[in-house]
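Keep the viewer open as you read.

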Amino acid sequence: MTSPAESDAANLEDAQTSIAPSPYLFVFLEVFAQEGGIQSYVQDIFRSYLSLKALPQADVLLLRDQASESNPFQSPHLKFHCFQSRSARLGRLKFSVALLTYLVKRKPQRVFCGHIKLAPLIRMFCQPLGIPYTVLTYGKEVWEPLPPSERDALQQADRLWTISRYSRNRACAANLLEPAKIKLLPCAVDSEQFSPGEKPLELLQQYGLQDSRVLMTVARLWSGDIYKGVDVTLRALPSLAQAIPDVKYLVIGRGDDQPRLAKLASELGVSDRVIFAGFVPTQELVKHYRLADAYVMPSQEGFGIVYLEAMACGLPVLAGDADGSADPLQDGKLGWHVPHRNSTAVAQACITILQERAAYLQHQECDRRCDSRWLRQQVLAHFSRAAFTEQLQLLLNED
């Protein structure tokens, strides 16, 4: 019986003999097998590519995904070829053979490499064939010095894309890259999914948030991701509660760090103010954003799409002051920046935000960063899917 990977490889070989040369080949590790910021970002690229009708058909090779009839982006304009296998080694071998065969037979105008781990393979195959390649980077995977093979693949790519000025600057410093080669394609927010609304009564009751002012964070609670700053916000709660007695903190997310965080809340005497809601599906997130009065994540992000989601829902936001959040917050124009490990600064900023938010809700003069309508308008002007598509078109036009 033919496996999905073998079937896709055969279909790809057939396509290579029956279709005129395709100008673009996209290569990724995985896009549909997991949920996450990178996966969401790549899907926005697919969505935008399909909307740019002037562009010809392209192919997408996915190392760890399985072929699925439910793929919403599969079309004559964008064809997917998946190589997931029970044996990771065998899957990578078939993927590599199919990739090389494609490059030799089709000679694409450009290859877009979607992960640093694939970049050495792309470099090894593309350079002898004279095929230019672009490496797409997302965040912390390129912030530190890379192994020589990966660093060389970045240095010898003729173009690099990344999501923020911060990621660009850190990647350049760590891996001796030329800033002029790096172009920005910031994250986008789905304005139809994330929008302002009344606080859902059923969720207020479920979490015991009636008559409370709610701070909220959406983050992985992994021990390797303490930079998200949930612990810093917990440490800010005691002094914050003295000024805002009805404050509560809603934490959305799951991971192995939750027991430590729950213990910390208990030690600080704020357990009654903290709700660990666990995992919330993407389609339910907007209702949870609407529960909040402010979004708080003093983190170190490559960008921070959650800030866009919160602001699209009309929420004021607090972020760290030395990371990629400078882009979604427009250098403080749209939100508050604080030192990301300083709980005193977080507490002080949260007090200000909640006070200004209360003034806004009472139709009084307030800091416009707490004005839901203005905030949403500003975010969508810079980070809507339409803006993302426009920037993608500009980058592709450079060819």
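Helix 8 (230–243) and helix 9 (258–267) each supply at least two residues of the lining of the second largest cavity. This is a predicted model, and the cavity in question holds about 50 Å³ of space. Its lining consists of R220, L221, W222, D225, I226, K228, G229, V230, D231, D257, R260 and L261. Sorted by class, that makes six charged, five nonpolar and one polar residue.

How many cavities of 30 Å³ or more does the structure hold? There are three of them. The largest has a volume of about 70 Å³, and the residues around it are F28, I38, Y41, V42, G114, H115, L136, T137, Y138 and E141. Helix 2 (residues 37–51) is the main contributor to this lining, giving three residues. Six of the lining residues are nonpolar, three are polar and one is charged. As a general point, rolling a probe the size of a water molecule over the atoms shows where empty space is left.

E141 sits in the loop that links strand 5 (133–136) to helix 5 (148–156). Is E141 buried or partly exposed? Its relative accessibility is 25%, so E141 counts as partly exposed. Between E141 and R89 there are 23 Å in space, C-alpha to C-alpha, for a separation of 52 residues in sequence.

The lining of the second largest pocket contains eight nonpolar, five charged and two polar residues.

| Space | Volume | Lining by class |
|---|---|---|
| Largest cavity | about 70 Å³ | six nonpolar, three polar, one charged |
| Second largest cavity | about 50 Å³ | five nonpolar, one polar, six charged |

Now for the strands. In general, strands of a sheet pair through backbone hydrogen bonds, either parallel or antiparallel. Here, six strands make up an open sheet with parallel pairing, in the order 10-9-8-11-12-13. Its edges are strand 10 (274–278) and strand 13 (336–338), each of which pairs on one side only. From one strand to the next, the twist averages 25°. At one end of that order, strand 12 (residues 317–320) and strand 13 run parallel and are joined by three bridges. Within this pair, G320 stands opposite V338 of strand 13.

Another parallel pair is strand 2 (residues 58–62) with strand 3, joined by five bridges. A58 faces L78 of strand 3 across this pairing. Why is strand 3 (residues 78–82) described as largely enclosed by the rest of the structure? The reason is that four of its five residues are buried.

Helix 3 (residues 88–106) is worth a stop too. With 19 residues, helix 3 spans 26 Å from its first C-alpha to its last, close to the 27 Å expected at 1.5 Å a residue. Its buried residues are G91, K94, F95, S96, A98, L99, Y102, L103 and R106. Just past the end of helix 3, K107 adopts a positive phi of about 45°.

That angle leads to a last topic, the backbone. Most residues other than glycine have a negative phi, and most peptide bonds are trans. Q330 is not a glycine, yet its phi is positive, at about 50°. This residue lies in the loop between strand 12 and strand 13. With a relative accessible area of 26%, Q330 is partly exposed.

H363, also not a glycine, has a positive phi of about 60°. Where does H363 lie? It belongs to the loop between helix 12 and helix 13 (372–383). H363 is exposed, because its relative accessible area is 76% and the cut-off for exposed is over 50%.

Technical notes: Residues numbered from 1 in each chain as written. Predicted model: local features only at pLDDT ≥ 70, side-chain atom pairs only at ≥ 80, totals over all residues. Heavy atoms only, no water. 1 Å grid on protein atoms, 1.4 Å probe; cavity = no way out; pocket = protein on both sides within 12 Å on 5 of 7 lines; lining within 4 Å. Points joined across faces, edges and corners; volume = space filled by probe spheres on them. Nonpolar A, V, L, I, M, F, W, Y, C, P; charged D, E, K, R; others polar. Expected span 1.5 Å × (residues − 1). Buried < 20%, exposed > 50% of the residue type's maximum accessible area, 1.4 Å probe, protein only. Pairing = 2+ DSSP bridges. Axes fitted to C-alpha atoms, helices over the stretch in contact; angles between N-to-C directions.
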